[in-house]
Amino acid sequence: MTQAAQASKKSFYLLHIVIIFALMFGFRFIPAPAPITHYGMAVIGIFLGLIYGWTISAGNMVWPSMLAMAAMATTQYGGGAQVMAAAFGNYTVVLNFTAGFIMGPLAVTGIGDYLMARIINWKAVAGRPWLITGIILFGIYVLGMMGINQMLLVLLMLTILPGTLQAAGYQKGDKYPTFLLIGIVLACLFSCCAYPFFGWALMPLGTTYAATGVMVDYAKYMIVMIPMSILMLLGYVVLMKLMRCDADKITALDMSAIQSRFPNGLGRFEKWLLGCVIVLMLFSVIVTFAGGKEGFRALISQFNVYGWMLLWPAVMMFIKIDGKPLIDMKAAAASFPWDLVFVMAGALLVAGQLTDQSTGVSAFIAQLLGPVFARMGEYLFLVTLAFICFLLTNFLNNIAVAVTMESVVAALYLQGILTDIQTATTLVAFFALMGYLTPAASVYGAMIHANSFTIPKTIYTSGIAVFIYMSLFMALIFVPFSMMIF
């Protein structure tokens, strides 16, 4: 990059910073259109500045989040102490803390690498390219559901695959490698949505709860999300065949190098850790289903998944295998997603206030969009909502899209225009995360573009075909099934 180009890039970055500060601290001085209040204008400005900051600084989303919290401390919401208490005292943020203590050690041990190697080297799939393709995608999805860090899974596969694909005879820009890489990203993203009590789903579900007080039914959420993800992955393999991807060469894929790191299989410590993670996930589901209103079931409802997520990590901290605890705080802190904590804290604080009655934003959105959506009918509204989320997240930051659309959904619900807020929230939780097409969509989109086996032309042609497929699946299967369950 030339000096002139570097200077231009620096100037644009400084301009972005000025815009963010102007939105967060200056927007409040614009006259408020009724029924929005002066406080509402301040929150809107902070909200817009937060989204803008996330969009231009996807590699470091902490500072826009902290700046937004600082800006909230200058409004009538309260001082800095009240802001920090509300932001970091949110149950969603605390839940992310406890879950992160478990996922860190799991990633460090390399258990995910071992399981993936075992799946790919399974004799039953040898010589069957489409079965191998399905095993790769479903293996990643299952590992992601088991709590393996999705980013690490994508990095692992995008690091391993180029060499093996080249050895198999694929060329840069071929359709099969491009579709496979997109499929790997989507499988990881699907797994991010699987559970309502961990990871990505906490953001949209927490936003809905903060804004409306409605908690999405966890059991129904999983009944929708997991089967729909599995069916969509099955359909994705069929799509690859219909798009005439040459899968025959993939039979040369070899992951023995990874498996050689575990010549004797998983050790005693790794087995215990993996078993405890399975127990964590299993009992999270059991606690969700076993709750009730009377007797012991009432106690379970009171304890709920949040109490379980406090209890089980504590148990894992004092269980020692081979002289070391299953969760070592120093090791956990090294791989803990601190950036996600700050991003969630800032997002939930601002989004929760955006639809507060004192801002007048809910009433304004209802006046603006209510008549349009009211004429649509609930099904058409939900399809349109999911499509807008899916479209925007492929060009904008996914957290910004999710928070924005959840705020609209919350406003319509509070005004009585939308009744099925649980389906709407579930759709936002899924489709606002599916950013893969452009580098601006997500870090995964940037990773696809940076891969040595892809070129922009093939990414966009293949990606558009995937977009059409997922949109049709959403309208014809996902939305009707969700409406039936909720």
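Reply: H7 and H11 are roughly antiparallel to each other, because their axes cross at roughly 155° and angles over 145 degrees count as roughly antiparallel. This is a predicted model, where local features need pLDDT of at least 70, side-chain atom pairs count only at pLDDT 80 or more, and totals for chains, interfaces and linings use all residues. Residues are numbered from 1 along each chain as its sequence is written, and side-chain values use heavy atoms, without hydrogens and water.

Helix H7 covers residues 129-145 and helix H11 residues 218-242. Helices here are DSSP runs (H or I, at least four residues), numbered from the N terminus. The two axes come within 10 Å. Each axis is a line fitted to C-alpha atoms over the stretch in contact, and angles run from 0 to 180 degrees between N-to-C directions. The crossing is right-handed: the near helix is turned clockwise from the far one by less than a right angle.

Now the contact (heavy atoms within 4.5 Å). From H7 come Trp130, Thr133, Gly134, Leu137, Phe138, Tyr141 and Met145. They meet residues of H11, including Met225, Ile226, Leu233, Tyr236 and Lys241. The contact holds 13 nonpolar residues, three polar and one charged. Ala, Val, Leu, Ile, Met, Phe, Trp, Tyr, Cys and Pro count as nonpolar, Asp, Glu, Lys and Arg as charged, and the others, Gly among them, as polar.

Technical notes. Helices (H or I, at least four residues) and strands (E, at least two) are DSSP runs, numbered from the N terminus. Angles under 35 degrees count as roughly parallel, over 145 as roughly antiparallel, 65 to 115 as roughly perpendicular and the rest as oblique.
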